[in-house]
2 protein chains.
Amino acid sequence: MKEDKYVNERLMRDRISILVTFDKTYIKPFRVMIKSLSINNPKEAFHVWLLHSAIPQEDVLLLSEYCSAHRMTLTTIDVDRALFHNAPISKQYPQEMYYRLLAPWILPKSLDRVIYLDPDILVINSIRPLWEVALGDYSFAASSHSGVFEIVNGVNRVRLGNEHDYFNTGVLYMDLKKIRLIGDVEEIFSCVREREGELLLPDQDVFNLIYGSQILQMDDSIFNYDARYFSAYVFKSKGRHDLDWVLKHTIILHFCGKQKPWKKRYTGLFSALYKHYMILSDREGVYSIR
Amino acid sequence: MKEDKYVNERLMRDRISILVTFDKTYIKPFRVMIKSLSINNPKEAFHVWLLHSAIPQEDVLLLSEYCSAHRMTLTTIDVDRALFHNAPISKQYPQEMYYRLLAPWILPKSLDRVIYLDPDILVINSIRPLWEVALGDYSFAASSHSGVFEIVNGVNRVRLGNEHDYFNTGVLYMDLKKIRLIGDVEEIFSCVREREGELLLPDQDVFNLIYGSQILQMDDSIFNYDARYFSAYVFKSKGRHDLDWVLKHTIILHFCGKQKPWKKRYTGLFSALYKHYMILSDREGVYSIR
């Protein structure tokens, strides 16, 4: 009886689409991210789209089981190399670099929006506000870490000659329908070809160059919190965004930078939280709402 | 089909009995503790016994619902004041101080063992190793924080004239059957009467004085980890008990001392983890295994 009510309630809500792209080395962080998404969104159903090229079939199957145990359908797309016959591909610019940029043309036409998430994150509150973001005329929504490191932002703005803030592409809301209208696969390839060599963060740079003006800026302290800079966030908010605030309001904790929280030596304010989710993601038991 | 298998599996395992004693001001930490116990023990069923004297009926009902939503039966016992007609009771030694000590005589005779837990803890792994501790001839199991603060321990040993380490009574395994044989309510009261004035931590002191020699010592880094002293634990273990180790092996994180993790100003290695569980405990949704 109670169960029926829940199923109906869930069916009435729309399923949230999540896009991820990673290789075999990021399977573990991906599982941690999924665990956090599941525990903190117990009433949601998800469809996860994984664009990849070299993850072995047995790993794909395990991931599929893992997702399904967390109320998520996983669809994996082993991306067709033919799409890249015209692309500048090298060791520095591997094919995988383009997946996020080309997702609107790789994902099924019937899919009209998706949330892209890097695997090095924890989702610690309901993700629905991101799913229901009001884009207006924009095609994307993303956050900039400008407030937390003004200098980096300034450098990138000059480097790329942009008018807008430098966006972090680890968390992206994408209106696929609109992007298919405004974007162009060939334009992406030629942009990379023209700028080859001067781009420090290839796909994030290309993303900013091509789509920068189409991006609605979201509050990074809620949608893409850079876990390295707690003190800077506290300072910027005049003390309001203390730890209690973050854990209550921040939706996405993003472990940016080279020091990754799954490494032994990682210490940081959110290290115990991340490592606890690692342990949870290793356990057999999975959770559902009741 | 899968569900049946699970129910059968659960019925085959014994239900774990948990004892708590607190007043109204500790309801919130208790809910956090219950949430952590539930999420990290998804395959267990629990019976929680709350000994109290002044928690209002409406709060008791809410707690009861909360526990039941987490696969736990809550039985509250409003302790009979008649039991204390012969006890030295004062503002310094309130009746509630005796609940943990007298639990074997307050709890039903049919209950033969119980795990006592302070409400200022997180249970971050399976609690079954504590439930299945092999007592041998002992009647209790508890941990000492001697290794992490030798000095405090030395002081207490001299102060109380004990031969054994000074035990922390925040986490206790109690063999109620044995204690009912070796212990005596009047002895507890007279011990307090004799030592009145010289006891700094009344009930923990009494506990050590009366039962010290009956206590099996358990590894505090697993069963009663003092969350203030991460560095000391790392040092003591020659680096082995780093953060990854703790999150994987420690069962009970105990937030000892005056700085409590639910306070705004609390900062500490486990602050984000605790505060995240606070947020989880405030949410409507509850979790069950599937």
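Which residue is the bridge partner of Phe140(A) in strand 7 of chain A?

Modeller: The bridge partner of Phe140(A) in strand 7 of chain A is Met174(A). A word on the ground rules: this is a predicted model, where local features need pLDDT of at least 70, side-chain atom pairs count only at pLDDT 80 or more, and totals for chains, interfaces and linings use all residues. Residues are numbered from 1 along each chain as its sequence is written, chains are lettered from A and ligands numbered from 1 in the order in which they are written, and side-chain values use heavy atoms, with hydrogens and water left out.

Phe140(A) belongs to strand 6 of chain A, residues 140-144. Helices (H or I, at least four residues) and strands (E, at least two) are DSSP runs, numbered from the N terminus. Strand 6 of chain A is mostly covered, with five of its five residues buried; buried means under 20% relative accessible area, exposed over 50% and partly exposed in between, with a 1.4 Å probe and protein chains only. In a regular strand the side chains alternate between the two faces of the sheet. Here, Phe140(A), Ala142(A) and Ser144(A) point one way, Ala141(A) and Ser143(A) point the other way, and all are buried.

Strand 6 of chain A runs antiparallel to strand 7 (residues 167-175), joined by four bridges, and parallel to strand 8 (residues 215-218), also through four bridges. Two strands pair if DSSP finds at least two bridges between them. On the strand 8 side, Ala142(A) stands opposite Gln217(A).

Elsewhere in chain A, three strands make an open sheet of mixed pairing, in the order 5-10-9. Strand 5 (121-123) and strand 9 (225-226) stand at its edges with a single partner strand each, so one side of each has no neighbour in the sheet. Strand 9 pairs with strand 10 (residues 252-254) in the parallel sense over two bridges, and Asp226(A) has His254(A) as its bridge partner in strand 10.

Stepping back, chain A holds 13 helices and eleven strands, and 60% of its 290 residues are buried. Of its contacts (heavy atoms within 4.5 Å) with a separation of 6 or more, 81% are between residues 24 or more positions apart. Chain A exposes about 12800 Å², with carbon and sulfur atoms supplying 54% of it; these areas come from the Shrake-Rupley method with a 1.4 Å probe.

Chain B has some helices worth a visit too. Eleven of the 13 residues of helix 2 (residues 27-39) of chain B are buried, so this helix is largely enclosed by the rest of the structure. Phe30(B), Met33(B) and Lys35(B) are among them.

In helix 8 (residues 185-195) of chain B, the buried residues are Val185(B), Ile188(B), Phe189(B), Cys191(B) and Val192(B). They cover an arc of only 160° around the axis, which puts them on the same side of the helix; the arc is that of the directions from the helix axis to the C-beta atoms. Helix 4 (99-106) and helix 9 (202-211) of chain B are included in what covers them. Asp184(B) caps the N-terminal end of helix 8, a side-chain oxygen lying 2.7 Å from the backbone nitrogen of Glu186(B). Just after this helix, Gly197(B) takes a positive phi of about 100°.

How values were computed. A polar contact is a pair of N or O atoms within 3.5 Å; within protein, one must be able to donate a hydrogen and the other to accept it, and residues adjacent in sequence count only if both atoms are side-chain atoms. The expected span of a helix is 1.5 Å times one less than its number of residues.
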